[in-house]
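Open the model in your viewer and keep the sequence panel beside it. We will go stop by stop, selecting a few residues each time.

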Amino acid sequence: MTTDMQRLNTLVHEQLLAEEEVAKAENALATAKKKLARLSEYVIPDVMEEMGINEYKTNDGLTIKLKQAIRASISEVNRSDAFGWMTDHDHEAMIKTSIVIEKPALLDDYDNAAELTAALSLITTSLPSTENKSIHSSTLSAFVRDKLEDGEEIPLDTFSVFRQVTSVIKTSK
């Protein structure tokens with residue numbers, strides 16, 4: 001075996017070991033993330049809620065607080081009701097419409113906006129297209145959070161509102 005072959009053989013084994021190390025590290029990270037989620041999203045909030053407290057300071061100066069996040073989404077089943085409610089309550093500006101057009105390859109050569117605009121006009125009438133109405137999830141969550149904070153009534157089931165309580169630790173500086 002030549003020196004180059006021996007060197008390559010060694011490098012191949014080094015790569016294999018590196019791949020194994022990465023796989024082990026990724027597994028360890030996934031396990032650590034699950035443990036953190038269990039503690040911060042379930043165990044500690046449950047204990048603090050049982051104790052009737054929202055904040056606690058440990059003997060060594062750590063402060064832990066409960067933080068509530070409001071998440072909302074619109075399921076396919078509730079889509080019509082949700083968009084109807086948004087429209088009826090003057091919030092339709094949050095509803096965005098996207099149109100997807102199946103563009104043939106022959107349109108790849110258009111270099112300027114005027115040609116493209118003319119082509120799109122033709123395409124929208126002659127090619128298959130789909131229209132999709134949606135509200136960005138962050139926008140919807142912020143909207144729901146604001147309405148709830150203001151004490152306004154919104155259909156919680158229609159917007160699949162989920163309140164997630166997590167614990168957040170702050171160290172003293």
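Helices (H or I, at least four residues) and strands (E, at least two) are DSSP runs, numbered from the N terminus. This is a predicted model: local features need pLDDT of at least 70, side-chain atom pairs count only at pLDDT 80 or more, and totals for chains, interfaces and linings use all residues. Residues are numbered from 1 along each chain as its sequence is written, and side-chain values use heavy atoms, with hydrogens and water left out.

**Stop 1**

Select D90. D90 sits in the loop between α2 and β3 (96–101). Its phi is positive, about 60 degrees, although D90 is not a glycine.

Is D90 buried or exposed? Buried means under 20% relative accessible area, exposed over 50%, and partly exposed in between (1.4 Å probe, protein chains only). D90 has a relative accessible area of 66%, so it is exposed.

Now select S160. You are in the loop between α4 and β5. S160 is not a glycine either, and its phi is positive, near 45 degrees. S160 is partly exposed, at 30% relative accessible area.

**Stop 2: the aromatic rings**

Show side chains. A pair of aromatic rings is described by the distance of the centres and the angle of the planes. Here, rings of Phe, Tyr and Trp (its six-membered ring) pair if their centres lie within 6.5 Å; planes under 30 degrees apart count as stacked, over 60 as edge-to-face and the rest as tilted.

How many aromatic pairs does a search of the whole structure find? It finds two. Select W85 and F143. Their rings are edge-to-face, 6.3 Å centre to centre, with 65 degrees between the planes. W85 is in helix α2 (residues 79–88) and F143 is in helix α4 (residues 137–149), so this pair links distant parts of the chain, 58 residues apart. W85 counts as buried, at 16% relative accessibility. F143 is buried too, with a relative accessible area of 9%.

F159 lies in the loop between α4 and β5 (162–170), so the pair with W85 in helix α2 ties together parts that are 74 residues apart in sequence. F159 is at 0% relative accessibility, so it counts as buried. Keep W85, F143 and F159 selected: ring pairs link them into a cluster.

**Stop 3: the strands**

Switch to cartoon view. Two strands pair if DSSP finds at least two bridges between them. Select β1 (residues 55–57) and β2 (residues 63–71). They run antiparallel, joined by three bridges. Which residue in β2 is the bridge partner of K57? It is T63.

Five residues lie between the strands in this hairpin of β1 and β2. Pick G61 there: its phi is positive, near 95 degrees.

Next, select β2 with β5. Nine bridges join these antiparallel strands. A69 has Q164 in β5 as its bridge partner.

**Last stop: helix α1**

Select V43, in helix α1 (residues 3–51). V43 has 32% relative accessibility, so it counts as partly exposed.
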